[in-house]
Amino acid sequence: QNEQVEAVELPVASEVADGPEKPRRMVVSVTREGRMFVKGQQVELADIESLLRADTKGRTADYEFRIRTDQFTPYELVEPLMLASLRVGVTNVGFNVIEK
């Protein structure tokens, strides 16, 4: 069904946003050997919780924690990351995967 388009005069915005707000998230890459990287820097498991605390600044409701792993990375290396995020209060945890 076609809708008739009427000419309208658009309002002028008094303020223009700088663009969409960047998502608040941390991405951890984990190799199959267990090495972990955040923003290209190698980190240890013990660092993850404090990095999350510093990055969330107490605002966890809209924060995302993403885990990127090799397909052969054992779950035993991933579970502690999930638990660290939960201790900080970040419950939006996801995994970056490649679709078949």
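This is a predicted model: local features need pLDDT of at least 70, side-chain atom pairs count only at pLDDT 80 or more; totals for chains, interfaces and linings use all residues.

Q: Which residues touch the most other members of the largest nonpolar core?
A: That core has 16 residues, and those touching the most other members are M26, V28, I48, L52, F65 and L81. At least two residues each come from β1 (24-30), β2 (36-38), α1 (45-56), β4 (63-69) and α2 (75-88), and α2 gives the most, with four residues.

Q: And what does I48 touch?
A: Leaving aside residues up to four places away in sequence, I48 touches V28, V38, V43, F65, L81 and A84.

Q: Switching to β1, why is it described as largely enclosed?
A: Five of the seven residues of β1 are buried, so the rest of the structure largely encloses this strand.

Q: Which way do β1 and β4 run, parallel or antiparallel?
A: They run parallel and are joined by seven bridges, and among the paired positions M26 has F65 in β4 as its bridge partner. β1 and β2, by contrast, run antiparallel with three bridges, and V30 stands opposite M36 in β2.

Q: What's in the turn there?
A: The two strands, β1 and β2, form a hairpin with five residues between them, and G34 in the turn has a positive phi of about 100°.

Q: Last one: where is V93, and why does it count as partly exposed?
A: V93 lies in strand β5 (residues 92-96), and V93 counts as partly exposed because its relative accessibility is 27%, which falls between the 20% and 50% cut-offs. Not counting residues up to four places away in sequence, V93 touches F65, R66, I67, M82 and S85.

Key: Residues are numbered from 1 along each chain as its sequence is written. Side-chain values use heavy atoms; hydrogens and water are left out. A nonpolar core is a set of buried Ala, Val, Leu, Ile, Met, Phe, Trp, Tyr and Cys residues joined through side-chain atoms within 4.5 Å. Buried means under 20% relative accessible area, exposed over 50%, partly exposed in between (1.4 Å probe, protein chains only). Contact means heavy atoms within 4.5 Å. Two strands pair if DSSP finds at least two bridges between them.
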